[in-house]
Amino acid sequence: MPPFEAWLPYRPVSVVQNTHLKLPISRLERWAPGVRSGPREFDGGAEIFVIEGELADTMGRYAAGTWLRLPVGSVMDAASETGCRLYLKTGALPGLRASSE
């Protein structure tokens, strides 16, 4: 395995998907230190589990062991100063909607 510093942003380690049936996509992502994703919209919602390292956005910092559930239409502009590894599942939360309050 290459050293952590050599990891590429959003490099999928494992992807499970079926694009013909529009099923949810699950994958592991490794982020190199200093990576910023830019705004990412999750049309079908998303679940993110931080396996190691730290992920941050405008709402806070998420250490290893943090599980995030993002409702349909959520936009996340994330970054990782230290680098991180995370599990990302998109499209599996179509019934979970953000509160308008």
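What share of the contacts in the chain with a separation of 6 or more comes from residues 24 or more positions apart? They account for 65% of those contacts, where a contact means heavy atoms within 4.5 Å. This is a predicted model, so to speak of local features we need pLDDT of at least 70, while side-chain atom pairs count only at pLDDT 80 or more, and totals for chains, interfaces and linings use all residues. Residues are numbered from 1 along each chain as its sequence is written, and side-chain values use heavy atoms, with hydrogens and water left out.

**View 1. The whole chain is built from strands, with 8 of them and 0 helices.** Along the sequence the pattern reads β-β-β-β-β-β-β-β. Helices (H or I, at least four residues) and strands (E, at least two) are DSSP runs, numbered from the N terminus. Of the 101 residues, 32% count as buried. Buried here means under 20% relative accessible area, exposed means over 50%, and partly exposed is in between (1.4 Å probe, protein chains only).

**View 2. The largest nonpolar core holds 16 residues.** A nonpolar core is a set of buried Ala, Val, Leu, Ile, Met, Phe, Trp, Tyr and Cys residues joined through side-chain atoms within 4.5 Å. Look for Trp31, Ile48, Leu55, Met76 and Leu86, which touch the most other members. Two or more core residues come from each of β3 (35-42), β4 (46-57), β6 (67-70), β7 (74-80) and β8 (84-90). Strand β4 gives the most, with 4 residues. In soluble globular proteins, nonpolar side chains tend to be buried together.

**View 3. Leu55 sits among partners from several parts of the sequence.** Leaving out residues up to four places away in sequence, Leu55 touches Trp31, Ile48 and Val50, then Gly60, Arg61 and Tyr62, and also Met76, Ala78, Ala79, Cys84 and Leu86.

**View 4. The model has 1 cavity of 30 Å³ or more.** On a 1 Å grid over the protein atoms alone, a cavity is a set of points where a 1.4 Å probe fits but cannot get out; a pocket is an open set with protein on both sides within 12 Å along at least five of seven lines; and lining residues have an atom within 4 Å of a point. Grid points are joined across faces, edges and corners, and a volume is the space filled by probe spheres set on the points. The largest cavity has a volume of about 60 Å³. Its lining is made of Glu29, Trp31, Ser37, Arg40, Phe42, Ile48, Leu55, Met76, Ala78, Leu86 and Leu88. At least two lining residues come from each of β2 (25-31), β3, β4, β7 and β8, and the largest share, 3 residues, is from β3. Sorted by class, the lining has 8 nonpolar, 1 polar and 2 charged residues. For this sorting, Ala, Val, Leu, Ile, Met, Phe, Trp, Tyr, Cys and Pro count as nonpolar, Asp, Glu, Lys and Arg as charged, and the others, Gly among them, as polar.

View 5. Strands β6 and β7 each supply at least two residues of the lining, with β7 giving the largest share, 4 residues. By class there are 6 nonpolar, 2 polar and 3 charged residues.

**View 6. Ser74, in strand β7, is buried at 13% relative accessible area.** Its side chain reaches the backbone oxygen of Pro71 at 2.7 Å. Setting aside neighbours within four places in sequence, Ser74 is in contact with Arg40, Glu41 and Phe42.

**View 7. Strand β4 carries Glu47, Glu52 and Glu54.** Glu47 is buried, with a relative accessible area of 14%, and its side chain makes a 3.3 Å polar contact with that of Trp67. A polar contact is a pair of N or O atoms within 3.5 Å; within protein, one must be able to donate a hydrogen and the other to accept it, and residues adjacent in sequence count only if both atoms are side-chain atoms. Glu52 counts as partly exposed at 29%, and Glu54 counts as partly exposed at 25%. The side chains of Glu54 and Arg61 are joined by a polar contact of 2.9 Å. From C-alpha to C-alpha, Glu54 and Glu81 are separated by 7.5 Å, though 27 residues apart along the chain.
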